[in-house]
2 protein chains.
Amino acid sequence: MAKMQFQREQVLEQSANLFWRVGYHATSMQQVFQHTGLKPGSVYLAFGNKEALFKESLTHYCQASLQGIQASLSAASNIELGICQILESMLEQSLNSDYCSCFLVKSQLELSDEPELQTLVSEQLQQIEALYSEFLMHIYDEPEAKAKACSLMLHIFGIRVYSYHQGSLEKMRQALQVGLPWLPWKLRIN
Amino acid sequence: MAKMQFQREQVLEQSANLFWRVGYHATSMQQVFQHTGLKPGSVYLAFGNKEALFKESLTHYCQASLQGIQASLSAASNIELGICQILESMLEQSLNSDYCSCFLVKSQLELSDEPELQTLVSEQLQQIEALYSEFLMHIYDEPEAKAKACSLMLHIFGIRVYSYHQGSLEKMRQALQVGLPWLPWKLRIN
DNA sequence: CATCTTTTTGAATGAACATTCAAAATTAAC
DNA sequence: GTTAATTTTGAATGTTCATTCAAAAAGATG
């Protein structure tokens, strides 16, 4: 048999980046061929169709996000400080000139008219909330941890939209300090 | 000359609803013809092309939003109570089974790859923030009013994404009370 | 009523789209 | 070295898309 000429993971990453930036509907399969260097037949053999490729790309992105959070919170000297660092790095992303929010948040809004994809995205965002919740349960009881995880997600979603506005960083930082008063904002991040 | 067979405003409302629910790229002009009852030629004569129709639809929606906020805050016995009422009505929208966020927020995320449309959406969202800011300046000094308007928008954006999750209403209400502590949450709304 | 202007109509156009498939190439197995 | 299994290729397919336009219809004007 012929060896697979491409790495599945790498292709998923490339198409995730494309779908993320351009959006599901605005991305054509031709663009996918260009960005991955694959020919139509190869993509269709490997992934089935556009929707299936999108689903796998999204899932791949979500898994990477979960691992990133897991790593950050495990490495941090304490969980709340770790959360502050994650939020701070999100704020810094808003400085990037080609900022384009979060793939999951963008997909949640774009695909609200397509029940199957919508469900997938919702589940994945809830996995992220559940992960925060799990970590917070190390220091709070369950209802408290869940409430704080929800409040955190609400603020993250806010950041993911508000970051499109220029010069928003300092204003968002202020709002976060008011809105998430249980986080150790005064401790400076190394 | 032949009388215009349709009301421009009504057509803009119909197409805004379509673009809002389905998204800009996923909405075909054929769908526009169906929903408005107009023929291709009429739409193209009246609005130019798809992008121009979208822009006008979006602007129409934004103007209606601004007027709604203006009306709510003018009618309220005090501004902060009025803001609470607006937020409460947003929370209640999340109960609707065909909830689909806010046209402006959805557009901001979907069109991040199209500079011209992106700029338009950003400006309109900033108009809304400016309107809140203006009202808040009746009771706070300028920097305070601006900071509070920003924090309010951050929470509104959060609601507009988080509302897709089922059973989110009570959790969001809690998060709002923590995140916007300067609002009169304890006063019950009539 | 006749003429002029504007609107309406909807079939037609060409481009872009997702997807297919038969043929060619590649590698594994023995 | 031969055969079998799998992957690669890219032109071709049929559909859907945004948009156009010449002809028809509907007031307006005098």
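How many salt bridges does the rule find across the interface of chain B and chain A?

1. The rule finds 4 salt bridges across the interface of chain B and chain A, a salt bridge being a side-chain nitrogen of Lys or Arg within 4 Å of a carboxyl oxygen of Asp or Glu. Glu129(A) pairs in this way with Lys171(B), their closest N and O atoms being 3.6 Å apart. Between chain B and chain A there are also 7 residue pairs in polar contact, both residues at pLDDT 80 or more. A polar contact is a pair of N or O atoms within 3.5 Å; within protein, one must be able to donate a hydrogen and the other to accept it, and residues adjacent in sequence count only if both atoms are side-chain atoms.

2. Some ground rules before going on. This is a predicted model, in which local features need pLDDT of at least 70 and side-chain atom pairs count only at pLDDT 80 or more, while totals for chains, interfaces and linings use all residues. Residues are numbered from 1 along each chain as its sequence is written, chains are lettered from A and ligands numbered from 1 in the order in which they are written, and side-chain values use heavy atoms, with hydrogens and water left out.

3. Now the interface as a whole. Chain B and chain A bury about 3300 Å² between them, with 70% of it on carbon and sulfur atoms; buried area is the accessible area (1.4 Å probe) that two parts lose on being put together, summed over both. Leu109(B), Leu154(B) and His165(B) supply 20% of what chain B buries against chain A, more than any other three residues. Each chain brings 40 residues to the contact, where contact means heavy atoms within 4.5 Å.

4. Which elements of chain B give two or more residues to the side that touches chain A? Returning to the 7 residue pairs in polar contact between the chains, the elements on the side of chain B are helix H1 (8–22), helix H6 (103–110), helix H7 (115–136), helix H8 (142–162) and helix H9 (169–179). Helices (H or I, at least four residues) and strands (E, at least two) are DSSP runs, numbered from the N terminus. H8(B) gives the most, with 12 residues. By class, this side of chain B has 20 nonpolar, 13 polar and 7 charged residues; Ala, Val, Leu, Ile, Met, Phe, Trp, Tyr, Cys and Pro count as nonpolar, Asp, Glu, Lys and Arg as charged, and the others, Gly among them, as polar.

5. H6(B) deserves a look. With 8 of its 8 residues buried, H6(B) is largely enclosed by the rest of the structure. Buried means under 20% relative accessible area, exposed over 50%, and partly exposed in between (1.4 Å probe, protein chains only). Among the buried residues of H6(B) are Lys106(B), Leu109(B) and Glu110(B).

6. Lys148(B), in helix H8 of chain B, counts as buried at 12% relative accessibility. A polar contact of 2.4 Å joins its side chain to that of Glu144(B). Leaving aside neighbours within four places in sequence, Lys148(B) is in contact with Leu136(B), Tyr140(B) and Trp182(B).

7. Chain A has 9 helices and 0 strands, and buried residues make up 53% of its 190 residues. The largest nonpolar core has 130 residues, and Leu87(A) and Tyr132(A) are among those with the most contacts inside it. Such a core is a set of buried Ala, Val, Leu, Ile, Met, Phe, Trp, Tyr and Cys residues joined through side-chain atoms within 4.5 Å. Beyond its neighbours within four places in sequence, Leu87(A) is in contact with residues including Leu152(A), Ile156(A) and Trp185(A).

8. Finally, the salt bridges within chains. Lys55(A) and Glu116(A) form one, with the closest N and O atoms 2.5 Å apart. This pair links distant parts of the chain, Lys55(A) being in helix H4 (residues 50–75) and Glu116(A) in helix H7 (residues 115–136) of chain A, 61 residues apart. By contrast, Glu170(A) and Arg173(A), whose salt bridge has its closest N and O atoms 3.0 Å apart, both lie in helix H9 of chain A, 3 residues apart, about one turn of the helix. Glu170(A) is partly exposed at 47% relative accessibility, whereas Arg173(A) is buried, with a relative accessible area of 15%.
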